[in-house]
Amino acid sequence: MVIDAKQLSQFIWRQYNGLFGEIKSGKAGFWITDYDERTQEGTIRCAHVVLDELVAALTLLIAIDDVPVAIDTIKTSGIMDKLPKQD
Amino acid sequence: MIPFTTRSGETFTETLNPWIARARSVGYDGFIIDVSNMEKPAPISRMLQDTADAFDGFKIFTRKTIILQERQSIKERLANIRDKSGVNFICIRSSNADVLNFAAKDSRIDIIRLETPTEIQAFSEGIASLASQEGKFIELPFAPLFKTRGAGRSKFIREANKVLEITLHKHVRLLFSSDASHLTDVKNAWQRVIALNIVLGASRQVARDIFLKHPFQLLERNSRENVMNVASASSEPNGEDE
């Protein structure tokens with residue numbers, strides 16, 4: 001299944017909205033800064049106060065258009081530039 | 001915990017290999033497979049021992065879940081259960097408080113699983129207290145958190161919160177089973193800790209204990225019991241020598 005960053009973002013937002021409601025999702029302010037469709041790896045930027053909520057929403061996302069998916073969180077960082085340098 | 005079935009035409013290792021690869025990719029060194037739906041689970045345990053080298057150090061354990069509704073049938077169902085089933089762990093499910101009380105005291109049972117709303121309603125502080133004294137584990141399924149939506153999920157969260165409060169109050173160890181039916185259901189422990197912390201409101205330390213500490217304690221309990229069984233068997237007088 002090939003999915004682009006915009007579609008993925010919509011599914012994540014829908015999942016977050018379903019779990020935490022419209023008020024919280026309005027304040028979350030997350031967006032996908034880069035996403036490689038080939039490796040299916042990407043970076044999501046979000047407010048630090050909603051990091052845990054976003055990870056929880058990603059964990060509980062199990063299907064996109066009835067296709068089973070798993071979103072694994074590989075790394076988190078407070079500074080975007082440091083992210084690729086982490087071990 | 002993963003409910004285990006083999007597809008026709010697949011060998012035992014072919015079925016397990018994708019699961020092992022997925023589990024390894026998210027940081028696990030082993031898992032427990034539920035062989036309740038197999039008629040004779042004992043050969044599975046033997047096959048696991050025989051093919052252990054093929055898994056390159058990855059640990060696989062087995063368990064059997066027994067559903068009991070009547071107090072009278074317990075003794076019959078549990079007679080020689082360990083030898084007959086050949087699994088590492090015995091788990092029990094019931095919506096009858098008497099059965100849960102008995103299970104909390106019975107040393108043959110390792111885990112009390114609460115899956116349906118009626119089973120959760122039957123669970124009480126008294127059962128938790130007994131289970132705590134006997135070193136039993138209480139198990140909830142993790143799957144309803146992501147497989148149900150809306151009111152169904154809210155209801156499960158409320159019920160899981162009730163169990164969480166009781167287990168914390170009575171110091172009984174709680175487990176959350178992945179119930180993975182698809183490879184994508186296998187999530188890494190860190191993500192599950194955060195999900196539990198956010199969705200159920202468990203503290204980060206409690207969530208970490210549930211997903212990291214308690215599974216190890218379950219394995220320790222199992223290995224300790226095996227050592228005790230071997231010790232008691234070897235200390236029995238051998239009739240042929242006398």
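B:His214 touches B:Phe137, B:Arg173, B:Leu174, B:Leu175 and B:Asp209, leaving aside residues up to four places away in sequence. Touching, or contact, means that the C-beta atoms of two residues, placed from the backbone, lie within 7 Å. This is a predicted model, in which local features need pLDDT of at least 70 and side-chain atom pairs count only at pLDDT 80 or more, while totals for chains, interfaces and linings use all residues. Residues are numbered from 1 along each chain as its sequence is written, and chains are lettered from A and ligands numbered from 1 in the order in which they are written.

B:His214 sits in helix α11 (residues 204-235) of chain B. Helices here are DSSP runs of H or I with at least four residues, strands are runs of E with at least two, and both are numbered from the N terminus. The cut-offs are 20 or more other C-beta atoms within 10 Å for buried, 12 or fewer for exposed, and partly exposed in between. The C-alpha atoms of B:His214 and B:Ala160, 54 residues apart along the chain, are 17 Å from each other.

Now chain B as a whole. It has eleven helices and seven strands, and 34% of its 242 residues count as buried. Of the contacts in chain B with a separation of 6 or more, 72% are between residues 24 or more positions apart.

One helix pair in chain B is α7 (residues 125-133) with α9 (residues 150-170), packed at about 45 degrees with axes 9 Å apart. Axes are lines fitted to C-alpha atoms, for helices over the stretch in contact, and angles run from 0 to 180 degrees between N-to-C directions. α7(B) and α9(B) are therefore oblique to each other. Under 35 degrees would be roughly parallel, over 145 roughly antiparallel, 65 to 115 roughly perpendicular, and the rest is oblique. On the α7(B) side the residues are B:Glu125, B:Ala128, B:Ser129 and B:Ser132, and they meet B:Ile166, B:Thr167, B:His169 and B:Lys170 of α9(B).

On to the contact between the chains, which takes 13 residues from chain A and 17 residues from chain B. Which element gives the largest share of the chain A side? Helix α2 (residues 51-60) of chain A does, with six residues. In chain A, confidence is highest in α2(A), at a mean of 94; pLDDT is the predictor's confidence in each residue, from 0 to 100. For chain A overall, the mean pLDDT is 88, and 97% of residues reach 70 or more.

The axes of α2(A) and α10(B) come within 8 Å and cross at roughly 110 degrees. These two helices, α2(A) and α10(B), are therefore roughly perpendicular to each other. From α2(A), the contact uses A:Asp52, A:Glu53, A:Val55, A:Ala56, A:Thr59 and A:Leu60, and among the α10(B) residues are B:Arg192, B:Ile194 and B:Ile198.

Last, helix α10 (residues 189-199) of chain B itself. Nine of its eleven residues are buried, so α10(B) is largely enclosed by the rest of the structure. The buried ones include B:Val193 and B:Leu196. Just after α10(B), B:Gly201 has a positive phi of about 80 degrees.
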